[in-house]
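Open your viewer and get ready to select residues by number. This tour goes stop by stop.

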Amino acid sequence: MAFRRSKNEGVTMYNRELITFIAVADQGSFLKAAKQLYTTPASVMNQMNKLEKIIGTKLIERTNQGTHLTAAGRSIYKDAKQLIEFSDEAIKKARQIAESEQNTIRIGTSILRPCKRLINLWSEIDDGSLPFQISIVPFDDEPAGLDSVLSSLGHKIDCFVGPCDSIEWRSQHNILIIDKLPCRVAVPRKHHLAKKKSLCWSDLDGETFIMIKRGDSPVMNQMRDDILTNHSKLRIMDTPNFYDTSIFNECEQMNYLMETLDIWSDIHPSLITLPMEWEYEVPYGIVYSKKPSKAVTEFIKIIERKYN
């Protein structure tokens, strides 16, 4: 049966005539049923005639004393009440699911951009009363995978959290900065510097140092200028605009050093993350669409208030 909308009952998945039939059965007359339904006795009678025609059997006996159900009518009455109850519950459930989907925040996660910190932050904020559901969506750190995530923000993924010192990202997406992460140095365990607790510039003399190529990252550009001007004994090896796991593998295999962050300290089991005597930090935050949904907008505002 088609969905119908009635003035008093809202959306239903059953014939409106069933409501009228139950009213007639309960009241015992067309007149009393018409009063209950705020309609006319003639309308009630027409609906009952229509229902009997649809079903193909007589449901109601009309007498001078009122109406009473036939055996078929009593069967329909019992089943119709269950049908209506089931229909109402089905609609309620569907609406709850739809509402839940509208309030679901799809948070992207990957090896290099794990969502754990954002989830922990949200757990501190939400005491269970906020109307949001969290859905975790994995994605790939490979360049093509990251580009796909960025282009689909607001569609497949609502947001992700990670380093965001990118001029291009800032122009094309919204970013809520929630922290600044100190730059560190990744050292292979077999490297002679791996036994140190921390590093200084002189430790890096003569080493090959992996870092993001000049261009999109102001912090990395500044670090590069510093190295070229003041620490010329350190050799720079360029990587693409963003790291993926292959860069960490190359660092270990070639026994190179690498600019890194604490959030990546567990990426590779054969690399050690050491603090460095410099002041370089990269912004860390939530990246989301320029045109976020209402739910995402409210989600971000709630987190933003945490930092104000």
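Where is the place of Glu-207? Select Glu-207: its place is in the loop between β8 (174-188) and β9 (208-212). Helices (H or I, at least four residues) and strands (E, at least two) are DSSP runs, numbered from the N terminus.

Before going on, note how to read the model. Residues are numbered from 1 along each chain as its sequence is written, and side-chain values use heavy atoms, with hydrogens and water left out. This is a predicted model: local features need pLDDT of at least 70, side-chain atom pairs count only at pLDDT 80 or more, and totals for chains, interfaces and linings use all residues.

**Stop 1: around Glu-207**

Stay on Glu-207. It is buried, yet it has no salt bridge. Buried means under 20% relative accessible area, exposed means over 50%, and partly exposed is in between (1.4 Å probe, protein chains only). A salt bridge is a side-chain nitrogen of Lys or Arg within 4 Å of a carboxyl oxygen of Asp or Glu. The nearest side chain of opposite charge belongs to Arg-235, 6.0 Å away. For charge, Lys and Arg count as positive, Asp and Glu as negative; His and the chain ends are not counted.

Now show His-191 and His-192. The side chains of Glu-207 and His-191 are joined by a polar contact of 2.9 Å. Another polar contact, of 3.1 Å, joins the side chains of Glu-207 and His-192. A polar contact is a pair of N or O atoms within 3.5 Å; within protein, one must be able to donate a hydrogen and the other to accept it, and residues adjacent in sequence count only if both atoms are side-chain atoms.

Not counting residues up to four places away in sequence, Glu-207 touches His-191, His-192, Lys-233, Leu-234, Arg-235 and Leu-257. Contact means heavy atoms within 4.5 Å.

**Stop 2: the nonpolar cores**

Which residues touch the most other members of the largest nonpolar core? Select Phe-209, Met-223, Trp-278, Ile-286, Phe-299 and Ile-303, out of 57 residues in that core. A nonpolar core is a set of buried Ala, Val, Leu, Ile, Met, Phe, Trp, Tyr and Cys residues joined through side-chain atoms within 4.5 Å. Strand β8 gives the most to this core, with 7 residues. Apart from it lies another core, of 20 residues, among them Leu-18, Ala-34, Leu-59 and Leu-69. In soluble globular proteins, nonpolar side chains tend to be buried together.

Zoom in on Trp-278. Leaving aside neighbours within four places in sequence, Trp-278 is in contact with Cys-183, Arg-184, Val-185, Trp-201, Phe-209 and Met-223.

**Stop 3: salt bridges**

How many salt bridges does a search of the whole structure find? It finds 12. Side chains of opposite charge can pair when their charged atoms come close.

Select Arg-113 and Asp-141. They form a salt bridge, with the closest N and O atoms 2.7 Å apart. The pair links distant parts of the chain, 28 residues apart. Arg-113 is in the loop between β5 (104-109) and α5, and Asp-141 is in the loop between β6 (133-138) and α6 (143-151). Arg-113 counts as buried at 4% relative accessibility. Asp-141 is buried too, at 7%.

Next, pick Asp-179 and Arg-117. Their closest N and O atoms are 2.3 Å apart in a salt bridge. Asp-179 lies in strand β8 and Arg-117 in helix α5, so the pair ties together parts that are 62 residues apart in sequence. Asp-179 counts as partly exposed at 26%, and Arg-117 as partly exposed at 35%.

**Stop 4: helix α5**

Stay in helix α5 (residues 116-125) and select Ile-119. Ile-119 is partly exposed, with a relative accessible area of 25%. Not counting residues up to four places away in sequence, it touches Ile-107, Ile-134 and Ile-136.

**Stop 5: two loop residues**

Go to Tyr-38, in the loop between α2 (30-37) and α3 (41-55). Its phi is near 55 degrees, a positive value in a residue other than glycine. Is Tyr-38 buried or exposed? Tyr-38 is exposed, with a relative accessible area of 74%.

Finish at Asn-255, found in the loop between α9 (245-254) and β11 (257-261). Asn-255 is not a glycine, yet has a positive phi of about 60 degrees. Asn-255 is partly exposed, at 29% relative accessible area.
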